[in-house]
Amino acid sequence: MTNEELWQAVLAEIQLGISRANFVTWFKNTEIVSNDEGVILVSAPNNFSKEWLENKYNKTILKILRGLDEGIKDMRFIISQKELKESLPVVKKSLVAPLEETQLEFEELHVDKETNLNPRYTFENFVIGSFNELAHAAASAVSKNPGQVYNPLFIYGGTGLGKTHLLQAVGNEIVKNIMGKKVKYLSSENFVSQIVLAIKNHKIEDLKNQYRQNDVLIIDDVQFLAGKEKTQEEFFHIFNALYEKNKQIIISSDRPPKAIPALEERLRSRFEGGMIADISSPDLETRVAILKTKEQEKKMSLSNEILNYIATVFQKNIRELEGALNKIANAQKQKNFIINLDGAKLLFQSVTNLPPQTTSPKKIIQAVAQFYDLKEKDLVKESRKKEIVRPRQIAMYLLREEIKSSYPSIGRKFGGKDHTTAIYSCAKIGKEIKENENLANEINLIKQKVYSA
Ligand code: ADP
Ligand code: MG
């Protein structure tokens, strides 16, 4: 099989398991650039994709590759050399770092096969601010006394804000400090596929017994269990078995349990029975602090004005901040000199010149419906059902806030309601959002959806 055929086969399999949007976003313009005695190098178009692929898809891809070719030992991601050159027109070819040197950065891929823990995620390199204080405190307490304090520990927050880092840090800390504790970390995709396979092979009891051996079970991104009834059921049994034996369960999700659509009620109430902690977005000051920590880790030394600049441009999440630093590090390495503020501005030109984000009523309605697991048409038509009334008010509020729709036009969109209904709904949500942090979080998550498509 040529590299290209091999990669096509991998992509074909991945495509089965993820949404079209995800697939296009992360796998477009990826390719295998070499296969050196079983070590595969895959190029990603930019650092952001590279990080994402490393974090989210590394294991899946490696597994598929090994399924296709037993000789494959390892896989690493690199940033496409082509893109690097394009984004840095000043770089002379002879200065482009040889591949081998570039690879040194990727030592982080030493994930432990038993626990699935990546040693790079620790408490020591986790920056704490008011945005993640509670989650950190809870995680730290759990790492000292697994199974004894908060069980389960449920951590939620938007993407790139440190959930995986924190979950893995707990795991690493327990392995390091408490002898003989069996820790297992799983992404929920991985969990689902193991269960599906076990059911298919009539091995579900074996698998469940295996899980029951753990002292600490960590399941990341549990929102992906939504709608997977059979998996949820098996999870429920595993959960109970562990819980009854005071074994620690740690879960993360991009939203609170009650906002996960199609989550079985008994599972939801189990999740809610423990400690729920959120991670919100870091403020400017904290973003600068995070950049400073990361900069030290990467042995860089950038001026405060550059760090401030990056923290102002990249506000959404920490993954982006890291991506920006990596981009500067790469550029410096390539050009062999220290970048100044103007250089940094040039480097991020494409980001800062982006047109302001826009959206449409359709996108908002879609996002709200998806978030609350409702049909779009139910959301917009006349219905007084409680589970619809509130999401509808939220949709109205977002139409008003995000695209300044007029009240009469909002009323019309929602089953020909009077404009006073629209005014009432927007005011109600607007007021509540200030008092109710959970609602504010939910609305932020919906906005992320609205602007991510
Ligand atoms: P999530 O799982 O919420 O999508 P991750 O845990 O993958 O986010 O975090 C994205 C990146 O940001 C990772 O490289 C992680 O190490 C880093 N990161 C997140 N939060 C922090 C933090 N508080 N301090 C330092 N690095 C962080
Ligand atoms: Mg994560």
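Q: Which residues count as contacts of Tyr 185, leaving aside its neighbours within four places in sequence?
A: In this predicted model, Tyr 185 is in contact with Thr 115, Asn 116, Leu 117, Thr 164, Leu 167, Gln 168, Ile 218 and Asp 220. Each of these is a contact because heavy atoms lie within 4.5 Å.

Q: How do you know whether Tyr 185 is buried or exposed?
A: Its relative accessible area is 10%. The limit for buried is under 20%, so Tyr 185 is buried.

Q: What makes Lys 247 and Asp 215 a salt bridge?
A: Their closest N and O atoms are 2.8 Å apart. The rule asks for a Lys or Arg side-chain nitrogen within 4 Å of a carboxyl oxygen of Asp or Glu, so the pair qualifies.

Q: What does the pair Lys 247 and Asp 215 link?
A: The pair links distant parts of the chain, 32 residues apart. Lys 247 is in the loop between α10 (229–244) and β7 (248–253), and Asp 215 is in the loop between α9 (204–212) and β6 (216–220). Asp 215 has a relative accessible area of 14% and is therefore buried.

Q: How do you know that Lys 258 and Glu 442 meet in a salt bridge, and where are they in the chain?
A: The N to O distance is 2.7 Å, and the cut-off is 4 Å. Lys 258 sits in the loop between β7 and α11 (265–272), while Glu 442 is in helix α22 (residues 437–452), 184 residues apart.

Q: Why are Lys 258 and Glu 442 put in their accessibility classes?
A: Lys 258 has 47% relative accessibility and counts as partly exposed, because that class runs between 20% and 50%. Glu 442, at 7%, is buried.

Q: What makes the side chains of Lys 381 and Asp 378 a salt bridge?
A: Their N to O distance is 3.2 Å, and the limit is 4 Å. Lys 381 itself is partly exposed, at 41% relative accessibility.

Q: Which residues do salt bridges that share partners join into one network, and how many salt bridges does the rule give?
A: Glu 205, Lys 208, Lys 230 and Glu 234 form one network through shared partners. The count by this rule is 17 salt bridges.

Q: How do you know how α19 is oriented to α21?
A: Helix α19 (residues 386–403) packs against helix α21 (residues 419–435) at an angle of about 90°, with axes 8 Å apart. Angles of 65 to 115 degrees count as roughly perpendicular, so α19 is roughly perpendicular to α21.

Q: Which residues of α19 meet α21, and what classes make up the contact?
A: From α19 they are Arg 390, Gln 393, Ile 394, Met 396, Tyr 397 and Arg 400; their partners in α21 include Tyr 424, Ile 429 and Glu 432. By class, the contact has 8 nonpolar, 4 polar and 4 charged residues.

Conventions. Residues numbered from 1 in each chain as written. Chains lettered and ligands numbered in written order. Predicted model: local features only at pLDDT ≥ 70, side-chain atom pairs only at ≥ 80, totals over all residues. Heavy atoms only, no water. Helix = DSSP H or I, 4+ residues; strand = E, 2+ residues; numbered from the N terminus. Buried < 20%, exposed > 50% of the residue type's maximum accessible area, 1.4 Å probe, protein only. Axes fitted to C-alpha atoms, helices over the stretch in contact; angles between N-to-C directions. Parallel < 35°, antiparallel > 145°, perpendicular 65-115°, else oblique. Nonpolar A, V, L, I, M, F, W, Y, C, P; charged D, E, K, R; others polar.
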